[in-house]
Amino acid sequence: MSKKGQGEIIGLALIVLILLIGFILYISLRGKGGITSSVENIQYNNLASLELSAILNTYVDECGFSVAILVKQCLKGKPCSNYEGDVCELLKNYLEKIFEKSFDKWGRRYRLYVKDNEGKINYPEEEKRRCNINEDTLGVATQAIPLSPGTAELRLEICG
Amino acid sequence: MKNKTRIGKKAQVQSMQTIIIAVFMFIIIAVALLFYFKVSKTHSTKKIEEVRVLKGLELVNRWQKLPELACPSFGAELNPCIDMEKAEAFKNFINSFRDAKAFYSSLLGNVKITINKIYPGEEKEEIEIFNNILEGEDVMVFHIPITVYSSLENKKFFGIISIEMEVTSSE
């Protein structure tokens, strides 16, 4: 009878233990998603949008117009009148300088590219700074670039 | 007599077993409760952090839309932009008039705002336009990309607005 009693108490202890482990797992998994991901999404979308618009508004000393127009010239393969070098290389230099002092400095990984045409603009080149293809995107900003004819979509993604 | 002794010892052993199991269950429950409170605290801390981040974003939106700092738009809605010359004048205004600082503090809280002109240009230009943070206070820092306009040069630069916000004032 003593052994039977012991067995019953041990069984009860095991059931309590299993229930507690289940409860702990439930509590720890409950916090995923919901307001946390909404706030983060707003934060990162906002950041991407601010970064992209600030980049595109930046004046290009060598050409006398903004980065937005430089992007268009690069995509259309056109030069800028005051600059003899490759406009896509010039664009890359500007992006390098700007991202070095913003996203790279803050430890953010990102990708700036033209949707459906990733040949000419696909920045950065280094893998450690760039979003991987299968990686979750935390925030996105897009900007339409009129090419006349047609339009290109410039995308800035933040990931992590 | 011997039987009584045997029964007594047997009862003691059974009691000890029950006590040990009860103690064991108590320890498990205590560990589980500790873990639960730790996870709850982490969630609460995270929610407080989210509220602060949202407040930080709200502050950035307010600051860059102030007419005292905003770039000229000529009727068109421009992307977020701060005029450097206006920012310099604003800084001098705040430093010259105590009431002005009090007014903006009541409007925008205990913050420190710095505008940095980043690129193009070899040298970084920085203006601290407002500082109402008490020394020694814990702060949260936000760095937000922004267009910085120079009316003298008639050019737009890539800039960063840095906002330091007192942690206690956000709750």
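Trainee: How many salt bridges does the rule find across the interface of chain B and chain A?

Mentor: The rule finds one salt bridge between chain B and chain A. The side chains involved are those of A:D61 and B:K155, 2.9 Å apart from N to O. Keep in mind that this is a predicted model, where local features need pLDDT of at least 70 and side-chain atom pairs count only at pLDDT 80 or more, while totals for chains, interfaces and linings use all residues. Residues are numbered from 1 along each chain as its sequence is written, chains are lettered from A and ligands numbered from 1 in the order in which they are written, and side-chain values use heavy atoms, with hydrogens and water left out.

Trainee: What makes A:D61 and B:K155 a salt bridge?

Mentor: The term asks for a side-chain nitrogen of Lys or Arg within 4 Å of a carboxyl oxygen of Asp or Glu. A:D61 and B:K155 come to 2.9 Å, N to O, so the pair meets the rule.

Trainee: How many residues of chain B are in contact with chain A?

Mentor: 33 residues of chain B are in contact with 35 residues of chain A, where contact means heavy atoms within 4.5 Å. The two chains bury about 3400 Å² between them, 74% of it on carbon and sulfur atoms. Buried area is the accessible area (1.4 Å probe) that two parts lose on being put together, summed over both.

Trainee: How do you know that B:E166 is buried?

Mentor: Buried means under 20% relative accessible area, exposed over 50%, and partly exposed in between (1.4 Å probe, protein chains only). B:E166 has a relative accessible area of 3%, so it counts as buried. You'll find B:E166 in strand β5 of chain B; strands (E, at least two residues) are DSSP runs, as are helices (H or I, at least four), numbered from the N terminus.

Trainee: What makes B:K112 and B:E128 a salt bridge?

Mentor: Their side chains meet at 3.7 Å, N to O, which is within 4 Å, so this pair passes too. B:K112 lies in strand β2 and B:E128 in strand β3 (residues 125-131) of chain B, so the pair ties together parts that are 16 residues apart in sequence. B:K112, at 21%, is partly exposed, and so is B:E128, at 36%.

Trainee: Is A:R155 buried or exposed?

Mentor: Its relative accessibility is 17%, under the 20% limit, so A:R155 counts as buried. The side chain of A:R155 meets that of A:E153 in a salt bridge (3.5 Å, N to O). A:E153, at 28%, counts as partly exposed.

Trainee: Which residues have the most contacts inside the largest nonpolar core?

Mentor: A:V71, A:F99 and A:L154 do, in a core of 41 residues. The largest share of this core, eight residues, comes from α4(A). A nonpolar core is a set of buried Ala, Val, Leu, Ile, Met, Phe, Trp, Tyr and Cys residues joined through side-chain atoms within 4.5 Å.
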